[in-house]
Amino acid sequence: MPELRLHQVKAMHQEHIAVNQVNLWLKAGEVGCLLGPSGCGKTTLLRTIAGLHALAEGEIQIDQQVVSSAKKMVPTEQREVGMVFQDYALYPHLNVEQNIAFGLHRHSRAQKEARVAQLLELVGLPAMAKRFPHQLSGGQQQRIALARALAPKPKILLMDEPFSGLDVELRESLAREVRGILKAEGMSALMVTHNQNEAFAMADSVGVLKEGRLLQWDTPYNLYHQPAHPFIADFIGQGSLITGSVCDCRAVHTELGLLKTQLPLGTQAGEAVSVLVRPDDILHDDRSDWKLEVVNRAFRGSHFLFTLKLPSGEKVMCMSQSHHDHPVGSKIGIKLEMDHAVVFTKEATLSQTL
Ligand code: ATP
């Protein structure tokens with residue numbers, strides 16, 4: 001049974017539709033992430049789930065109870081949701097243990113002490129109980145904010161860009177750490193981010209929003225390997241679209257050869273389609289006779305990302321180990337390692353140019 005279920009959710013800001021026809025669900029103990037560009041409706045959706053924003057249409061259930069519908073709006077404090085925001089929002093005049101214990105109204109003193117000690121242990125800061133927020137680093141403050149939100153054991157934790165105030169290296173490692181903490185607590189959580197690495201480090205399911213619509217709600221693996229929309233193919237990871245021609249329902253002709261695929265419904269033999277090629281589909285191999293010209297290259301430390309030109313002029317990207325330092329204009333050997341091609345109709349591609 002899902003802990004959180006959204007059915008055809010629509011939310012407005014005055015006349016503006018910020019969230020439209022969103023369906024998603026989270027099972028108990030699962031972590032979900034909402035990804036998308038600025039202004040796509042992530043925060044509005046999270047605030048609607050928290051009961052901080054009215055719902056215009058549809059229904060939201062938490063723990064199988066309807067908490068929001070066009071007719072019903074359960075107040076935030078009765079939804080048993082925990083919230084963690086970007087600015088930590090710790091109480092500056094309370095020390096760490098007082099901050100964590102803040103929401104534990106109905107607990108005895110002994111219960112409070114036990115829960116605070118358990119959470120400090122869980123977030124890896126048992127020695128920080130007496131410190132005040134200004135005596136903690138940003139990452140430590142965010143861990144305490146998480147401990148405070150988890151303390152009353154909410155039904156679900158909602159997090160809005162919780163790591164955005166932190167530096168890049170810390171963000172991803174903290175995201176992984178937070179996932180471990182949530183799993184240890186068996187907590188269902190939904191996090192908003194525009195950072196793909198964070199979403200992938202955290203989530204069991206990731207949703208990509210565009211202009212208020214949820215285009216896909218899926219595992220990180222499927223979002224990368226089976227994007228349902230060209231926008232997602234572009235937004236998640238890198239890639240290029242090359243032209244193909246439908247051979248039959250399981251294969252498409254391209255300049256890279258005949259590729260196995262599952263074609264979109266309704267495509268006809270001979271029809272022109274777009275085929276997604278990821279940099280990891282094309283491997284550099286000095287021994288290969290199949291050579292393409294390097295038209296651009298980016299050094300990424302552990303690897304080079306080469307942009308290569310196909311005979312038609314279309315371009316693909318290729319990843320290679322960083323000691324293969326080939327200049328622009330040279331030709332390098334490649335081999336294809338594509339298990340399954342992702343194909344979009346030309347119509348879908350035109351509505352979202354990569
Ligand atoms: P970001 O990543 O920049 O935080 P977001 O995906 O969280 O963006 P929202 O803040 O949910 O996006 O905004 C969704 C849409 O609603 C945007 O077009 C935004 O301009 C609009 N919007 C947000 N808040 C208001 C408001 N208070 N009044 C009017 N329009 C708003």
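D63 lies in the loop between β4 (57-62) and β5 (65-69), where strands (E, at least two residues) and helices (H or I, at least four residues) are DSSP runs numbered from the N terminus. This is a predicted model, in which local features need pLDDT of at least 70 and side-chain atom pairs count only at pLDDT 80 or more, while totals for chains, interfaces and linings use all residues. Residues are numbered from 1 along each chain as its sequence is written, and side-chain values use heavy atoms, with hydrogens and water left out. Phi of D63 is near 50°, a positive value in a residue other than glycine. At 30% relative accessibility, D63 counts as partly exposed; buried means under 20% relative accessible area, exposed over 50%, and partly exposed in between (1.4 Å probe, protein chains only). Q8, in strand β1 (residues 2-13), is not a glycine either, and has a positive phi of about 50°. Its relative accessibility is 32%, so Q8 is also partly exposed.

Helix α1 (42-50) is mostly covered, with seven of its nine residues buried. These are K42, T44, L45, L46, T48, I49 and A50. The helix is followed by G51, whose phi is positive, near 85°.

The ligand is surrounded by H13, Q14, H16, A18, P37, S38, G39, C40, G41, K42, T43 and T44, a residue being near a molecule if one of its heavy atoms lies within 4 Å of it. By class, this shell has three nonpolar, eight polar and one charged residue. Here Ala, Val, Leu, Ile, Met, Phe, Trp, Tyr, Cys and Pro count as nonpolar, Asp, Glu, Lys and Arg as charged, and the others, Gly among them, as polar. α1 gives the most to the shell, with three residues. An oxygen atom of the ligand is 2.8 Å from a polar backbone atom of G39. A ligand oxygen is also 2.8 Å from an N or O atom in the side chain of K42, and for the side chain of T43 the corresponding distance is 2.9 Å. The protein covers 59% of the 640 Å² of accessible area that the ligand has on its own, with areas taken from the Shrake-Rupley method with a 1.4 Å probe. Two or more residues of the shell come from each of β2 (16-27) and α1.

Two cavities of 30 Å³ or more were counted. On a 1 Å grid over the protein atoms alone, a cavity is a set of points where a 1.4 Å probe fits but cannot get out, and lining residues have an atom within 4 Å of a point. Grid points are joined across faces, edges and corners, and a volume is the space filled by probe spheres set on the points. The largest cavity has a volume of about 40 Å³. Its lining consists of T43, L46, R47, A50, L52, M83, F85, L158 and D160, of which six are nonpolar, one is polar and two are charged. At least two lining residues each come from α1, β6 (81-85) and β7 (156-160), and α1 has the largest share, four residues.

The second largest cavity holds about 30 Å³ of space. V84, Q142, L146, M159, P162, F163 and V178 line this cavity; six are nonpolar, one is polar and none is charged.

Conventions: Polar contact = N/O pair within 3.5 Å; in protein donor to acceptor, adjacent residues only side chain to side chain. 1 Å grid on protein atoms, 1.4 Å probe; cavity = no way out; pocket = protein on both sides within 12 Å on 5 of 7 lines; lining within 4 Å.
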